[in-house]
Amino acid sequence: LCTLLASRQRSWQGGAQPLTFLSPSICVNVFARTMSAQGKSDSGGEDQYVPYSQRAEWSDVTPVLQDDGPGGVVDIDYSKEFVDAMNYFRGVMAVNEKSERALQLTED
């Protein structure tokens with residue numbers, strides 16, 4: 001997935017030098033920025049959100065919940081769509097899946 005994100009980042013940067021690796025934290029940051037930007041660009045015509053757990057094409061992925069450990073410093077109020085997508089993002093990262101559907105998580 002990071003390799004796919006690297007190629008996507010190259011296209012965002014107008015064909016800059018190829019990136020050979022993106023760390024998981026960079027992948028998450030790119031994903032978070034993408035999700036945030038999409039939320040801001042909504043033109044008011046909201047589509048009905050379908051959770052990944054209800055999408056047949058994601059039935060083979062086990063979502064991985066965020067674990068901040070005991071006594072997290074601060075609670076962040078993520079949208080339910082962001083939490084759902086990130087759980088599945090962590091799930092595909094856990095099994096090192098590199099696919100178009102994994103990349104779709106950054107666009108959904």
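Modeller: A salt bridge is a side-chain nitrogen of Lys or Arg within 4 Å of a carboxyl oxygen of Asp or Glu. Keep that cut-off in mind. The model here is predicted.

Biologist: What makes the pair Arg101 and Asp60 a salt bridge?

Modeller: Their side chains meet at 2.9 Å, N to O. The limit is 4 Å, so the pair qualifies.

Biologist: What does the pair of Arg101 and Asp60 tie together?

Modeller: Arg101 lies in helix α4, residues 100–104, while Asp60 is in the loop between α2 and α3. The pair therefore ties together parts that are 41 residues apart in sequence.

Biologist: Why is Asp60 called exposed?

Modeller: Its relative accessibility is 57%.

Biologist: Why is Arg101 called partly exposed?

Modeller: Arg101 has a relative accessible area of 23%.

Biologist: How many salt bridges does a search of the whole structure find?

Modeller: The search finds two. One of them joins Arg101 and Asp60. Glu97 also forms a salt bridge with Arg101, and the closest N and O atoms are 2.8 Å apart.

Biologist: What makes Asp60, Glu97 and Arg101 a network?

Modeller: Salt bridges link these three residues. Arg101 pairs with Asp60, and Arg101 pairs with Glu97.

Biologist: Is Glu97 buried or exposed, and how do you know?

Modeller: Glu97 has 16% relative accessibility. Buried means under 20%, so Glu97 counts as buried.

Biologist: Now helix α3. How do you know that Asp84 has no salt bridge?

Modeller: The nearest side chain of opposite charge is Arg55, 5.5 Å away. A salt bridge needs 4 Å or less, so Asp84 has none. Asp84 lies in helix α3 and is buried.

Biologist: What does the side chain of Asp84 make a polar contact with?

Modeller: The partner is the side chain of Tyr49, at 2.5 Å. The limit for a polar contact is 3.5 Å, so this pair passes. Leaving aside neighbours within four places in sequence, Asp84 is in contact with Tyr49, Pro51 and Tyr52.

Biologist: Which backbone oxygen does the side chain of Arg90 reach?

Modeller: Arg90, also found in helix α3, reaches the backbone oxygen of Val64 at 3.0 Å. Not counting residues up to four places away in sequence, Arg90 touches Val64, Leu65 and Gln66. Arg90 and Thr62 are 28 residues apart in sequence, with C-alpha atoms 9.0 Å apart in space.

Biologist: Why is Thr106 called buried?

Modeller: Thr106 has 0% relative accessibility. The cut-off is under 20%, so Thr106 is buried. Thr106 is found in the segment after α4. Its side chain reaches the backbone oxygen of Leu103 at 2.7 Å.

Biologist: What makes the phi of Asn96 worth a remark?

Modeller: The phi of Asn96 is near 60 degrees, a positive value in a residue other than glycine. Most residues other than glycine have a negative phi. Asn96 is found in the loop between α3 and α4. Its relative accessible area is 54%, so Asn96 is exposed.

Biologist: Which residues form a nonpolar patch on the surface?

Modeller: Val73, Val74, Ile76, Tyr78 and Val83 form the patch. Together they have about 490 Å² of accessible area.

Biologist: How do you know that Tyr78 counts as partly exposed?

Modeller: Tyr78 has 32% relative accessibility. That value lies between the 20% and 50% limits, so Tyr78 is partly exposed. A patch residue needs over 30%, so Tyr78 passes that test as well. Tyr78 lies in the loop between α2 (24–40) and α3 (80–94).

Biologist: How many helices and strands are there in the protein chain?

Modeller: There are four helices and zero strands. Along the sequence the pattern reads α-α-α-α.

Biologist: What share of the protein chain do buried residues make up?

Modeller: They make up 29% of the 108 residues. The chain exposes about 7200 Å², and carbon and sulfur atoms supply 52% of that area. Among contacts with a separation of 6 or more, residues 24 or more positions apart account for 73%.

Definitions and conventions:
Residues are numbered from 1 along each chain as its sequence is written. This is a predicted model: local features need pLDDT of at least 70, side-chain atom pairs count only at pLDDT 80 or more; totals for chains, interfaces and linings use all residues. Side-chain values use heavy atoms; hydrogens and water are left out. Patches are made of residues with over 30% relative accessible area and no salt bridge: like charges are joined within 9 Å, nonpolar side chains (Val, Leu, Ile, Met, Phe, Trp, Tyr) within 5 Å. Accessible areas come from the Shrake-Rupley method with a 1.4 Å probe; for residues, only the protein chains shown count as cover. Helices (H or I, at least four residues) and strands (E, at least two) are DSSP runs, numbered from the N terminus. Buried means under 20% relative accessible area, exposed over 50%, partly exposed in between (1.4 Å probe, protein chains only). A polar contact is a pair of N or O atoms within 3.5 Å; within protein, one must be able to donate a hydrogen and the other to accept it, and residues adjacent in sequence count only if both atoms are side-chain atoms. Lys and Arg count as positive and Asp and Glu as negative; His and the chain ends are not counted. Contact means heavy atoms within 4.5 Å.
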